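Here is a friendly briefing to read alongside the model. Please keep the sequence and the structure in view as you go through the points.

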Amino acid sequence: MVTPVTLAQLSDIHFGRDVDLDQVDAIEDVIAGVRPDAVVLAGDLTQRARHGELQRALVFRQALERIAPVLVIPGNHDIEWWRSPFGLLGSARRTRKYRMYFGEDLTPRLELPGVVLAGALTSHGLSFGSMTWNLNDLVVKGHLPRAEVDRLTRVFQAAPPGAARVAVLHHNVLRGEISRRMGLARWKLAQRRLRDCGADLILCGHDHQEGTGQLDGVVVVATSSGHARGRIRGGRPAAFNLIAIDDGSIEVQHLRWQAGERRFIAGGEARFGRMVR
């Protein structure tokens, strides 16, 4: 029997000018009521990786950690790519501020009864691996290096039998329903690598629209929305995800913001069969 697991999935809070603090307070209330087994913060905690933004993001993480373990990874807005374009001055300069507040490990892992979560770094800023023919993508797209997938594969191979294997990355793996954009450069290769790494579930964000789907009918993908005013796709309400995993299924429930009531309510769900490894 597989241990049932509940996860809360958030991303793209963008602490800074556009963050909706009413939503942040409501998120804390919801998570305190649900008491999930773990909370995932899938990047873009800040708008420009400023000290004040990172400090507020750290306070938010600490509040959530009083409820459940938290796994956090950086998004493209959380790194200072301009301090080392194309990595010419080394990669450490780009994440110096982020590491000051969230630690040296940019790809953390979290193992709990019934689940193993592992972060993968896709946020590299202006880099050769993230380049496409679209100039608008130069500092927005991410990429998934082979070394990241190899590390995920090793983590999942070592997971206890029956445990859910969850990969966490920032950039959206599936095409956005409204934007029609992929978050990753060389996305077909990235999808193949993620499909084969042993993950049961992929959690991501970046596109500012919630969604669910699968890679080749095997790996479930859940995309969380965002919480910055005026930046949600199509003028939709902001949303985050609650995910329930048991021995036979993975269920993703979207909680959508009701501005007039200043609360999140259930606004759609998707359920997928799970192949227990």
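The count of disulfides comes to zero, where a disulfide is a pair of cysteine sulfur atoms within 2.5 Å. This is a predicted model, in which local features need pLDDT of at least 70 and side-chain atom pairs count only at pLDDT 80 or more, while totals for chains, interfaces and linings use all residues. Residues are numbered from 1 along each chain as its sequence is written, and side-chain values use heavy atoms, with hydrogens and water left out.

**Cysteines**
- The sulfur of Cys 197 has its closest cysteine sulfur in Cys 204, 13 Å away, which is too far for a bond.
- Cys 197 is buried at 3% relative accessibility, and Cys 204 is buried too, at 0%; buried means under 20% relative accessible area, exposed over 50%, and partly exposed in between, with a 1.4 Å probe and protein chains only.

**Aromatic rings**
- The model has four aromatic pairs: rings of Phe, Tyr and Trp (its six-membered ring) pair if their centres lie within 6.5 Å, and planes under 30 degrees apart count as stacked, over 60 as edge-to-face and the rest as tilted.
- Tyr 98 and Phe 102 are stacked, because their ring centres are 5.1 Å apart and their planes lie at 25°.
- These two residues are four apart in helix 3 (residues 96-102), so about one helical turn separates Tyr 98 from Phe 102; helices (H or I, at least four residues) and strands (E, at least two) are DSSP runs numbered from the N terminus.
- Tyr 98 is buried at 1% relative accessibility, and Phe 102 is buried at 9%.
- Trp 257 and Phe 264 make a tilted pair, with 4.9 Å from centre to centre and 55° between the planes.
- Both Trp 257 and Phe 264 are buried, and together with Phe 240 they form one aromatic cluster.

**A charge over a ring**
- The charged end of Arg 175 sits over the ring of Trp 187, 5.3 Å from the ring centre; the rule asks for NZ of Lys or CZ of Arg within 6 Å of the ring centre and within 35 degrees of the ring normal.

- Six strands form an open sheet in the order 3-2-1-10-11-12, with mixed pairing; two strands pair if DSSP finds at least two bridges between them.
- Strand 3 (70-73) and strand 12 (263-273) are the edge strands, each pairing on one side only.
- Strand 1 (residues 5-10) and strand 2 (residues 38-42) run parallel and are joined by four bridges.
- Leu 10 has Leu 41 in strand 2 as its bridge partner.
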